[in-house]
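Visitor: Please take me closely through one part of this model. I would like its confidence first, then the detail.

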Amino acid sequence: MPNPSTHIRTATDTVTRITRPRALRAVDYLRVSTEEQKLGYGIASQGRKNSRHIAGKGWDHVGTFKDEGVSGSKEMGERPDFDRLMEQAKLDAFDVVVVEKGDRIGRVGRAFWRWVWALEDVGIFVAITNRNIDNTTPEGRAQMRREADYAETEWENIRSRTQGGLQEKAEDPGSPHIGGRPPYGYRIADKGIKGASHLVVDEAESEVVRRVHDMVVIDGLNLRQVAVRLNAEGVTCRSGRPWSAANLRDRIMSRAVLDAELVFRGAHAKTDAEGRPLWGESVSIALPRVLSEDEAATLRRKMAARARTSGRNRAVYPLSGRLIGLCGARYTGISRESLSYGRRNYRCGGKAGSLPDRPVCTCSYLDAGTVEQRVWSEVVALLGDSQKLEELAAEWVGMSDGDQGAHAERIADLDRQIDSMKASITAVIVASAKQQQSADAIAAATAALNEELQQLEEMRAEAAAWLAEVEESDRRARDLKALANLAQHQLVDMTLEEQSEVLGLLEVKVFIEGPVPVRAGGHACTVQSWYRSAEVDVPAADLSDEQWALVSPLLPVGRRDRVRRSVDAIFAKARTGVAWPLLREAYGSTSTASKHFNEWVVQGSWARVDAALVEAERVPLPVVELLPPMRIEGRVDPRVMLSAEERSRTGW
């Protein structure tokens, strides 16, 4: 982004720079959209034209930047190689950026001028090859204004024609294909025939849909079990990847499969300031059915019932999806097995094997309370550091404090140009009136000047809007200080649900960077180590009388049920991970339990005890109080920076 220490170059600056002994250093920027790529247009021809232009000007060609498949309506921060160009511009690596046409810069005035201005703020010129214009002179700047206006007008015309054609096609009878990939279970018929393409049932995919229906409705499987079974049989997604519960839900439970309909311009369609659809009304497109109405209704009821059942046992896990394991998969909270026993854990998604014989990752389970406390303490510390918070806020908004001066100077310069243009128009009108010319003649005489005035006023409005955004970012940064003052009070006592929202606003991600360390002194818990090496979960509760009857013949007889208490204490040790002394009140002498466990492991008795309890309900082995090295990252969402009044008004 613009360097706060630079200023806008005046005409004198420009002349001085152009007349320097050395030639200007030029880079060219090439861009082609995805739609243009489909039509066969590449960036090679742009590069050749730019190179000839640079050579003709006598400039030194020192580099090329290119963005392929990037729309001209996207602004700074949405173009990868342009962002790299801006970083190099701040390092004074070149003097002028060359593009083939104005729409390579941007198809809308906002994208065009914010780019040009951002480059101006670091002393970089812009040249447009096909018009042979640049902004090194006032005449060139005027030509560039007209080029931006033309590019935006053309873009609006193209978009209007395209959207109008899509609206007409959506309203055609049958099942017209509007564009994009067809929903799962369908394929495109008559593809490539203008106006004739439509959606029909894909027999192979529809067979998968019906199989999933039978496995859920008849066999009673959940989607994860269905995914494992399909993968084991070699049935993959359309992309060839293995199925998962998530992509099964997205594809099988879609509106197209269950309701046999697609909605064109639905809930996410663009609207105007008054909420009216911008390009046309919503259209429901009927599709041929993959499942009958009764089958779809039954599948929907089964999935809803399963969701209600699992929902009753669902705990709150604010870090679900925000923890990234060593294997690259994300951790999620697990609760149904452990919640009723007071344990909450995070499990790496790499442990959910998609095939029965495929190895899973070795990432450790993480105790939910411990890792949440660690991350939240970091967040509270961040919100208490106003300077760090302001830095994050500035990074999000993408502007620095020093930009106000540059924007204000630009606005003042545009105001002077606007006043001068108005004076010129007035002078022409007065002179024409003295000559007693007709109103039509006066309008014709001032048409070009009025067009120029309109362009200047539009630029002035855009510059003022940009300045307002910078000032707004400063105001919001001040509000962040107020939020930081709450960090030592309200934030500390937030519920898990409230923490989850704040973590979302801060875009927190936690990267696991190493294994879980062993306990102090270098010795891991021997009981948990046995279960970890055996790769089995732990019985979820103390033994029932029926379970004790199964294992008691495998162990020596003790006095006053001491052996049974030792077994229960060992299970509790594995289940909780707490130190032996903390179990003494509930289970008696824990030194005896520890001694028994070591003997039984050596004798092989403990392995036989675990095997005898194969039917017992079990919970995962947690990692308690011992956290791996982690890296916590985050950014500031603008909603965090709302003032107290705005937070009240928006209900946040």
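Visitor: Over which residues does pLDDT stay under 50 while the model has 16 contacts beyond four places in sequence?

Guide: Residues 336–342. pLDDT is the predictor's confidence in each residue, from 0 to 100, and a contact means heavy atoms within 4.5 Å. Residues 641–652 also stay under 50, with 20 contacts beyond four places in sequence. The protein chain averages a pLDDT of 75, and 70% of the residues score at least 70.

This is a predicted model: local features need pLDDT of at least 70, side-chain atom pairs count only at pLDDT 80 or more, and totals for chains, interfaces and linings use all residues. Residues are numbered from 1 along each chain as its sequence is written, and side-chain values use heavy atoms, without hydrogens or water.

Now the close look. Helix α8 covers residues 203–217 and includes glutamate 203. Helices here are DSSP runs (H or I, at least four residues), numbered from the N terminus. Glutamate 203 counts as exposed because its relative accessibility is 55%; the cut-offs are under 20% for buried and over 50% for exposed, with partly exposed in between (1.4 Å probe, protein chains only). Tyrosine 186 lies 17 residues from glutamate 203 in sequence, and their C-alpha atoms are 8.0 Å apart.

Next, the partner helix. The axes of α8 and α9 (residues 223–232) come within 10 Å and cross at roughly 130°. On the α8 side, Val208, Arg211, Val212, Met215 and Val216 meet Leu223, Val226, Arg229 and Leu230 of α9.

Key: Helices (H or I, at least four residues) and strands (E, at least two) are DSSP runs, numbered from the N terminus. Axes are lines fitted to C-alpha atoms, for helices over the stretch in contact, and angles run from 0 to 180 degrees between N-to-C directions.
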